[in-house]
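Subject: Handing over the structure

Hi,

Here is the structure I promised to pass on. Have a look, and then read on for what turned up.

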Amino acid sequence: NGQNYDPGEGNRIFQGLAPDIVLMQEMNYKTNSSTDLRAWIDTTFGPQFSYFRQSGNGIQIPNGIVSRYPILQSGIWDDTTMVNRDYSWARIDIPGDKDLWVVSFHISSGGGSGQRNTEATEIKNFILYGVAQDGTPAIPPKVAITPPIPASDYLVIGGDTNATSRTEACINTFSAIVVTGAPWPVDQFNNGNTNSSRKNPYDYVLPDADLNALRVPLVIGANSFPDGLVFDSRKYTPLADVAPVQLNDSGASGMQHMGVIRAFSIPTNDAPLIASAANTSSTETVTDPDSEIYEIVRTASVGLSVSATDDGGEPALKYLWSLTSGPGNSVTFSANGTNAAKNTMVNFQAAGNYTFTVTVEDAAGLMTTSSVNARVVQTAASLVLSPSSATLAVNTTQSFSASLRDQFSLPMTSQPASFMWSTTGGGSLNASGLFTATTAGGPFTVTATSSGFSHTSSITVTHATATIMLSDLSQTYDGSPKSVTASTQPMGRAVTILYAGSSTPPILAGSYSITATVNEANYQGSTSGTLVIQPDDFAFWKNTYFTPAEQSAGLADDLADPDADGFANLTEYALGTQPRNFTAPILGQLDAGFFSITFSRPSGLAGILYKAEASDDLKTWWTVPLDLLSTGPIETLRARTPHVTAPRYLRLHIERE
């Protein structure tokens, strides 16, 4: 009845039960000075405990909160029905990711159930809507100057309801924000009433739904209380479990209420801890003058790894790698944002300094980071020969160039002064990579070597082109084979000539297609033309009367006279007579003052020139006209000169044109 925790029965109960958080009513101690209160908290609970207690004029029986964990915020909400106390609240930083909001209340005993429900409604509305400028719940359209309690945090309200039944209106009102239904805490004799006579269920510890889901049995010594405990020292055994509590502490003079205790197991969650800092798989490092350490990478990719621990278990961690700084080229990771990414490969595109940061995140979203510096050094990784292939002809050249490439297939900044060159054939290579083709064939290979790297190109040497010039394409039939003449550039190449597809030169007059080809080991070429053999009637005439052997022996020559009739072969041909039969001489005739000779010849005979000449002394001759006397296949001609007294001679001159 004195509303004061002195001389100590209540203190011993607090010490024996060792609560983490206390929702206390009628929180008075000695003078209530901060010195007295702090000393009382230190003695009863411990110096690590925090507290909040309502104070002020007229506040005779203040509500308070005591906590093992830090109180982050605290305050009071106005109880409009009472003048000697208000509702105390606090936000407590309990272990885990969520804060715990507690409201300690002492509802009216004398105002009846209606007043108690009004107070319960006020508490509910303060929790749901926050506090308006006038100190009342900020039910819309009022604007909250103090926000409502976040639904995502834990909430527990507790204290003395003075409700005589668990179905009273105030309990039903509280059910909108906390769990008010059974099961409720009881003592070891299954009695859940909490006043001194143990007849009424005045006192409650009421959690919201998410905190209620975490309720666990309250364990004291060997005893376990599934739904919490109403503590009465007169009923509890063994008291040794709750020392220094004494048997009659709960029945001391003025002790109006029993302690109501509930237990909750809060899932704690600390941020992950880096067990092994981020690093690369490289074993080579360098320290810059500014003491910055870089792990040296000489490849296009390197392993990244980190290890971490977490109270939620390492398999639940996610590892997210990011490029914090670099030379401007993007990177890719083989695995990222998963648990497997604690070991990943980063792929680079260029040399430079890189800084990687890994963010380790647990299931609740708590994070920690670790970073590693990597210096990607340009390192020769291959040799590239250009062109990769070539085709050229004999006696021509092809220039090859070589370049050392780094791990990104980019040219090395510093190239060798020279490369070693070799070829498998087809020509020769000089020290600068110039290939001179000498032998057709292939493909041959050209190889450049430097710094332990080599690369080959393919080269095919084709035949050089031989130019063929044809001559003697126009000839005249004479009964002998007619060959054309071929010359080449370059000189001296062997030429195969086909006459209308045959290697045998033609004899007879006509047109013959000529194909001339050079097909040597290193030279190829071809050309074409047409051989024209003009007809020769005299040659045909000879073939008619003389065998090839006779012609070879000269019997068919122009001036030969095989029948000894005074007419040479050319004359026999011109006059249309036979060289094997006697031909009568042409006789002169005198008539009417003229001297003449008359002869016949084949009409249209080509290549023969006929000329008549006259002389008086067989020394000086002059031309005499030839008169055509008759036409047809055989023509008749006459040469005539006037007859004089002096001697007169006529002759017929026949020759080739």
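Leaving aside its neighbours within four places in sequence, which residues is Leu 470 in contact with? They are Val 484, Thr 485, Ala 486, Ile 514, Ala 516, Thr 527, Ser 528 and Gly 529, where contact means heavy atoms within 4.5 Å. Leu 470 has its place in strand E36 (residues 467-471). Helices (H or I, at least four residues) and strands (E, at least two) are DSSP runs, numbered from the N terminus. Between Leu 470 and Val 484 there are 14 residues in sequence and 6.8 Å in space, going from C-alpha to C-alpha.

Before you go further: this is a predicted model, so local features need pLDDT of at least 70 and side-chain atom pairs count only at pLDDT 80 or more, while totals for chains, interfaces and linings use all residues. Residues are numbered from 1 along each chain as its sequence is written, and side-chain values use heavy atoms, with hydrogens and water left out.

Now to the start of the chain. In helix H1 (residues 9-17), the buried residues are Gly 10, Asn 11, Ile 13, Phe 14, Gly 16 and Leu 17; buried means under 20% relative accessible area (1.4 Å probe, protein chains only). An α-helix has 3.6 residues a turn, so residues three or four places apart point the same way. The cover over the buried residues of H1 includes helix H2 (34-44) and strands E1 (21-24), E12 (218-220), E14 (229-231) and E15 (259-261). Just after H1 comes Ala 18, with a positive phi of about 50°.

Next, a sheet. Three strands form an open sheet in the order E45-E44-E48, with antiparallel pairing; two strands pair if DSSP finds at least two bridges between them. Strand E45 (621-624) and strand E48 (649-656) are the edge strands, each pairing on one side only. From one strand to the next, the twist averages 40°, with axes taken as lines fitted to C-alpha atoms and angles running from 0 to 180 degrees between N-to-C directions. Strand E44 (residues 608-615) is joined to E45 by 4 bridges, and Ala 612 stands opposite Val 624 in E45.

E48 turns up again in the second largest pocket, giving the most to its lining with 5 residues. Helix H8 (569-575) also supplies at least two residues of that lining. The pocket holds about 220 Å³ of space, and its lining has 8 nonpolar, 2 polar and 1 charged residues. (Ala, Val, Leu, Ile, Met, Phe, Trp, Tyr, Cys and Pro count as nonpolar, Asp, Glu, Lys and Arg as charged, and the others, Gly among them, as polar.)

On a 1 Å grid over the protein atoms alone, a pocket is an open set of points with protein on both sides within 12 Å along at least five of seven lines, a cavity is a set where a 1.4 Å probe fits but cannot get out, and lining residues have an atom within 4 Å of a point. Points are joined across faces, edges and corners, and a volume is the space filled by probe spheres set on them.

How many cavities of 30 Å³ or more are there in the whole structure? The search finds 2. The largest has about 50 Å³ of space, and strand E10 (residues 203-207) gives the largest share of its lining, 4 residues. The second largest cavity has a volume of about 40 Å³.

Cheers

Key. Buried means under 20% relative accessible area, exposed over 50%, partly exposed in between (1.4 Å probe, protein chains only).
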